[in-house]
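Open the model in your viewer and keep the selection tool ready. The stops below run from the whole chain down to single side chains.

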Amino acid sequence: METMNEKGKNVQKKKGGIVTMPFIFANEICEKLAVVGFSTNMISYLTTQLHLPLTKAANTLTNFGGTAAMTPLLGAFIADAFAGRFWTITAASIIYQIGMISLTISAVVPKLRPPTCDGKTRTCEEADSGQLAVLYVSLLLTALGSGGIRPCVVSFGADQFDENDPGQKTATWKFFNWYYFCMGASILVANTVIVYVQDNVGWGWGLGIPAIAMALSVVAFVFGYPLYRVVDPAGSPFTRLVQVAAAAWRKRKVAGCDGGGGGALLYENESIDAPISVGGKLVHTDSMKFLDKAAIVTEKDNPKSPNLWQLSTVHRVEELKTLIRMGPIWAAGILLITAAAQQNTFSLQQAKSMNRHLTANFQIPPASMSVFTQTSMLSTILLYDRIFVPIARRFTGLDRGISFLTRIGIGFVISLLATLAAGFIELRRKSSAGAHGLLDRPHETIPISVFWLAPQYCLHGMAEAFMSIGHLEFFYDQAPESMRSTAPALFWLSISAGSYTSTLLITLVHKYSAGPDGSNWLPDDNLNRGKLEYLYWLITLLQFLNLIYYVICAKFYTFKPVQLRELDDGRQKEDGVELTGHV
């Protein structure tokens with residue numbers, strides 16, 4: 001791996017760039033085919049093949065999604081501290097491949113799943129503990145693999161553009177749009193072709209094809225190694241954060257620097273910070289002054305050779321401040337994920353009960369309804385990048401068109417409308433079931449078109465195009481430079497929190513909505529007698545409160561100030577200090 005010394009930087013600038021994108025995007029496309037190819041339709045696999053009750057299956061799926069979205073913190077730590085992003089992605093892809101092979105075997109070998117249901121009595125034997133153990137180990141391996149891939153692929157792709165080169169700076173935020181577009185296109189294929197194979201050919205091929213796609217992703221990614229711009233790891237960012245907190249605590253009784261000099265009296269050391277501030281160093285801010293005490297030099301400190309557990313530089317203190325300031329914006333994204341999670345659980349069960357025929361002999365697989373989400377998301381990204389941004393740029397003067405905070409807010413509003421509409425659509429579905437005497441016949445098809453669900457799916461896709469990409473931009477842009485793998489990990493951590501929130505919400509609603517007569521908002525065996533619309537409207541209310549919270553947080557958010565490094569020709573970029581959020 002090439003080092004980040006001055007000579008090394010000149011070599012690396014000749015690598016990377018747009019030529020590496022086909023290899024990185026090929027990896028992402030194949031990886032998403034594998035991930036979505038089994039996760040989108042997993043609710044059907046759990047209920048029809050392993051015979052789990054609906055609520056248990058839904059919670060299993062959201063728990064898996066939550067775990068898979070939490071492991072990126074581990075992957076980001078390994079990438080930033082030890083292995084680097086390239087090798088972390090490669091190793092994690094292999095682990096994921098093992099998990100996919102194990103999952104495929106469990107679907108093919110009869111002893112690893114329960115016997116088929118009795119057609120006469122409609123009784124089904126639930127999967128035993130051993131069969132579930134194979135499933136959980138397979139899912140755990142895929143979750144661990146995802147943990148190394150998800151936080152690193154985005155940052156590794158952005159690494160290919162030199163942010164100190166004004167000509168490549170705009171390409172970085174465009175990369176996020178096209179990264180998400182390629183990801184959405186692969187998800188679209190998975191939700192149509194792969195799901196169709198699972199429902200009509202068999203789960204052996206339905207899981208085997210994603211496993212093959214995962215193998216191809218590894219080959220494509222490794223093949224491009226000679227072209228990549230590789231950034232060496234700069235040490236554990238989490239260790240630095242703990243060091244700052246420890247130093248501030250030890251000096252909590254030391255008088256602060258509240259005079260007119262501000263941060264001028266605080267400790268700085270360019271040589272120590274050089275590996276973690278290649279693009280520029282963070283400038284002192286007046287917020288959270290209690291952390292500034294970590295950078296106050298006392299008689300016990302040795303500035304020439306400091307003990308970083310007792311004395312931190314301003315740059316390291318500002319790293320911790322930056323992450324703390326990002327926290328409220330991060331938390332605001334949790335409920336949107338909770339709302340979107342219902343598409344792969346209860347919305348899918350709604351679709352199964354509706355008329356899905358396009359012709360007399362062909363009907364849409366329930367899981368393929370998410371094609372509306374992906375098509376809507378892809379269309380929104382294209383229109384946003386090609387039409388909306390150029391128009392908005394004329395009014396705002398921003399290269400992005402609008403700030404990522406505004407983009408996130410728009411996504412929240414659209415998501416709120418999606419769950420609001422979903423409740424009314426569920427009323428329409430149950431009304432049709434009642435009109436045809438099917439309320440107590442959950443296995444019968446209700447004569448109402450499944451396309452009634454299209455609006456809520458499309459609105460969720462539009463919300464994702466605004467909020468998720470804006471969230472990803474926000475994390476990458478505002479995270480300290482040395483934590484570029486940690487930034488996407490925070491994005492996936494919000495998805496994890498959203499998935500677990502969904503599990504908690506569904507569990508509480510199922511428990512406390514149960515009536516003495518056996519009624520329930522979320523019944524296990526007959527959705528027609530439930531009150532699913534109440535769940536959708538409860539999520540709508542929570543999203544409305546969350547939107548108010550987000551507007552307040554965005555209003556008072558402080559962008560990180562960076563003092564930029566000089567370019568090779570001696571010029572300093574812009575005025576030396578920039579608020580990165582305004583780029």
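Two strands count as paired if DSSP finds at least two bridges between them. Keep that in mind for the first stop; the model is a predicted one.

**Stop 1: the strands.** Select β2, residues 354–355, together with β3. Two bridges join β2 to β3, and the strands run parallel. Methionine 354 has isoleucine 446 as its bridge partner in β3. Now colour β3, residues 446–449, by face. Ile446 and Ile448 make up the covered face, while Pro447 and Ser449 are on the uncovered one.

**Stop 2: the whole chain.** Zoom out. The protein chain has 20 helices and five strands. It holds 583 residues, and 56% of them count as buried. Take contacts between residues at least 6 apart in sequence: 81% of them join residues at least 24 apart.

**Stop 3: serine 138.** Go to helix α7, residues 129–159, which holds serine 138. Buried or exposed? Serine 138 counts as buried because its relative accessibility is 1%, and the cut-off for buried is under 20%. Show its neighbours beyond four places in sequence: serine 138 touches Gly99, Ser102 and Leu103.

**Stop 4: salt bridges.** How many salt bridges does a search of the whole structure find? The count is twelve. Start with glutamate 319 and arginine 240, whose closest N and O atoms are 3.2 Å apart. Glutamate 319 sits in helix α13 (residues 314–332) and arginine 240 in helix α10 (residues 237–250), so the pair ties together parts 79 residues apart in sequence. Both glutamate 319 and arginine 240 are buried.

Next, select lysine 430 and glutamate 533. Their side chains meet in a salt bridge at 3.1 Å, N to O. This pair links distant parts of the chain, 103 residues apart: lysine 430 is in helix α17 (residues 404–435) and glutamate 533 in helix α20 (residues 532–555). Lysine 430 counts as buried at 11% relative accessibility, and glutamate 533 is buried at 2%.

Finish with a network: salt bridges link Asp292, Glu318, Lys321 and Arg325. Glutamate 318 and arginine 325 have their closest N and O atoms 4.0 Å apart. Glutamate 318 is buried, at 1% relative accessible area; arginine 325 is buried too, at 11%.

**Stop 5: cysteines.** Select cysteine 152 and cysteine 458. Cysteine 152 is buried at 0% relative accessibility, whereas cysteine 458 is partly exposed at 27%. The disulfide count is zero.

How values were computed
Residues numbered from 1 in each chain as written. Predicted model: local features only at pLDDT ≥ 70, side-chain atom pairs only at ≥ 80, totals over all residues. Heavy atoms only, no water. Helix = DSSP H or I, 4+ residues; strand = E, 2+ residues; numbered from the N terminus. Buried < 20%, exposed > 50% of the residue type's maximum accessible area, 1.4 Å probe, protein only. Contact = heavy atoms within 4.5 Å. Disulfide = S-S within 2.5 Å.
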